[in-house]
Amino acid sequence: LCPPPTMVVRIRLARFGSPHRPFYRITVAEARFPRDGRFIEHVGTYNPVPGKDGIKEVRIKNDRIRYWMQCGAQPTKRVGWLLGKAGILPALPRPKPVANPKWG
């Protein structure tokens, strides 16, 4: 069952782990809920700290991500980037660096 259309649902990262060793869960939550607080469903994990082989680990439940996106859930920028790397969304273009006129 999709949530009512009045709810703004986001797919975002919730931070876990210890200081200087982050670990994220990819969660589906209402936009008004706190970052690490209540969520509707846990749909994956992301470990940005590379292992001994130099690979950052991402685990995603593809079917649940697709379901929530069909219900109208919107991924945050970072989750959208992760989903682009996983092939679920089209890859986001890299933003061009903008020169600060103050610094030349």
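1. T27 is buried, at 4% relative accessible area (buried is under 20%, exposed over 50%, partly exposed in between; 1.4 Å probe, protein chains only). T27 lies in strand β2. Strands (E, at least two residues) and helices (H or I, at least four) are DSSP runs, numbered from the N terminus. Leaving out residues up to four places away in sequence, T27 touches R10, I11, R12, A14, F39, E41, H42 and V43; contact here means heavy atoms within 4.5 Å.

2. A word on the basis. This is a predicted model, in which local features need pLDDT of at least 70 and side-chain atom pairs count only at pLDDT 80 or more, while totals for chains, interfaces and linings use all residues. Residues are numbered from 1 along each chain as its sequence is written, and side-chain values use heavy atoms, with hydrogens and water left out.

3. Confidence next. pLDDT is the predictor's confidence in each residue, from 0 to 100. The protein averages 87, and 98% of the residues score at least 70.

4. Strand β3 covers residues 41–47; five of its seven residues are buried, so the rest of the structure largely encloses it. Strand β2 (residues 21–30) runs antiparallel to β3, and five bridges join them. Pairing requires that DSSP finds at least two bridges between two strands. In this pair, T27 stands opposite H42 of β3.

5. Strand β3 also pairs with β4 (residues 57–60). That pair is antiparallel too, with four bridges. Here G44 stands opposite I60 of β4.

6. Which residues have the most contacts inside the largest nonpolar core? They are I11, I26, I65 and W68, in a core of 16 residues. A nonpolar core is a set of buried Ala, Val, Leu, Ile, Met, Phe, Trp, Tyr and Cys residues joined through side-chain atoms within 4.5 Å. Strands β1 (9–18), β2 and β3 and helices α1 (62–70) and α2 (77–86) each give two or more residues to this core.

7. Take I65 from that list. Setting aside neighbours within four places in sequence, I65 is in contact with I11, I26, V43, I60, L83 and I88.

8. The structure holds four salt bridges. The criterion is a side-chain nitrogen of Lys or Arg within 4 Å of a carboxyl oxygen of Asp or Glu. One of them joins R64 and E41, at 2.8 Å, N to O. This pair links distant parts of the chain: R64 is in helix α1 and E41 in strand β3, 23 residues apart. R64 is partly exposed, at 28% relative accessibility. E41 counts as buried, at 17%.

9. Another salt bridge joins R35 and D36, at 2.9 Å, N to O. Both residues are partly exposed: R35 has a relative accessible area of 49%, and D36 has 38%.

10. R59 and E57 also meet in a salt bridge, at 2.3 Å, N to O. Is R59 buried or exposed? It counts as exposed, at 53% relative accessibility. E57 is partly exposed, at 35%.
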